[in-house]
Amino acid sequence: MVKSILLRSFPKLAAKARLKFDKVRGKHLLLLPERVVILNETAASILTLCDGSQTVSSMSEKLRASLLKDAEESGIDAKPDLNTMKEDISEFLQEMVEQGWVVISTDDKVNHKKQK
């Protein structure tokens, strides 16, 4: 079961974390003080959207739309379930929060001011 508070929350990378694409290795990296995490494509796609202006639900919808477009272009008949994606993304972000790599805000007034 997805935690509803997380679906309405606004995740963003912690101040100590930074995303980078390593052109030499062809890998997405999460740079942290004294640590580098090599990300897979899915993790990089999720963390790229963690800018504090989007809810987990809106991030899930964007990622699903991107997957549907890629599947259509490849001729694959795949339709990822939005609720399953929300659960998976929510679970992933919860782990990132526990690691201290992502912070969560539930104050949408603050986030709406940032978007303007």
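This briefing describes the sheet, the helices and a few individual residues of the structure shown above. The model is a predicted one, and the values below are computed from it. Helices H3 (residues 56-74) and H4 (residues 82-99) follow, and the briefing ends with Ser9, in the loop between helix H1 (4-7) and strand S1 (10-13).

**The sheet**

- Strand S2 (residues 18-22) is joined to strand S3 (residues 27-32) by five bridges, the two strands running antiparallel.
- S2 and S3 form a hairpin that leaves four residues between them, and in this turn Gly26 has a positive phi of about 70°.
- S3 is also joined to S4 by five bridges, and these two strands likewise run antiparallel; His28 has Leu39, in S4, as its bridge partner.

**Lys20, a residue of strand S2**

- Lys20 has its place in strand S2, where it stands opposite Leu29 in S3.
- Is Lys20 buried, exposed or partly exposed? Lys20 is partly exposed, because its relative accessible area of 42% falls between the 20% under which a residue counts as buried and the 50% over which it counts as exposed.
- Leaving aside residues up to four places away in sequence, Lys20 touches Lys27, His28, Leu29 and Leu31.
- The C-alpha atom of Lys20 is separated by 9.4 Å from that of Ala44, a residue 24 residues apart from Lys20 along the chain.

**Glu34, in the loop between S3 and S4**

- Glu34 is found in the loop that lies between S3 and strand S4 (35-39), and its phi is near 60°, a positive value in a residue other than glycine.
- Most residues other than glycine have a negative phi.
- Glu34 counts as exposed because its relative accessible area is 88%, the cut-off being over 50%.

- At the start of H2, a side-chain oxygen of Asn40 reaches to within 3.1 Å of the backbone nitrogen of Thr42.
- Which residues of H2 are buried? Ala43, Ala44, Ile46 and Leu47 are buried in this helix, and, seen down the axis of H2, the buried residues fall within an arc of 165°, so they line one face of the helix.
- Glu41, Thr42 and Thr48, on the other side of H2, are exposed.

**Helix H3**

- With 19 residues, H3 reaches 27 Å from its first C-alpha to its last, which is close to the 27 Å expected at 1.5 Å a residue.
- Val56, Ser57, Met59, Ser60, Leu63 and Ala71 are buried in H3; because the buried residues fall within an arc of 155° when seen down the helix axis, they line one face of H3.
- On the other side of H3, Lys69, Glu72 and Glu73 are exposed.
- Gly75 follows H3 and has a positive phi, near 75°.

**Helix H4**

- H4 has 18 residues and reaches 26 Å from its first C-alpha to its last, close to the 26 Å expected at 1.5 Å a residue.
- The N-terminal end of H4 is capped by Asp81, of which a side-chain oxygen lies 3.4 Å from the backbone nitrogen of Asn83.
- The buried residues of H4 are Met85, Lys86, Ile89, Ser90, Phe92, Leu93 and Met96.

**Ser9, a buried loop residue**

- Ser9 lies in the loop between helix H1 and strand S1, and counts as buried because its relative accessible area is 0%, the cut-off being under 20%.
- What does Ser9 touch, not counting residues up to four places away in sequence? Ser9 touches Gln54, Thr55, Val56, Ile104, Ser105 and Thr106, and, of these, Val56 is one of the buried residues in H3.

Note on methods
Residues are numbered from 1 along each chain as its sequence is written. This is a predicted model: local features need pLDDT of at least 70, side-chain atom pairs count only at pLDDT 80 or more; totals for chains, interfaces and linings use all residues. Side-chain values use heavy atoms; hydrogens and water are left out. Two strands pair if DSSP finds at least two bridges between them. Buried means under 20% relative accessible area, exposed over 50%, partly exposed in between (1.4 Å probe, protein chains only). Contact means heavy atoms within 4.5 Å. The expected span of a helix is 1.5 Å times one less than its number of residues. A polar contact is a pair of N or O atoms within 3.5 Å; within protein, one must be able to donate a hydrogen and the other to accept it, and residues adjacent in sequence count only if both atoms are side-chain atoms. The arc is that of the directions from the helix axis to the C-beta atoms.
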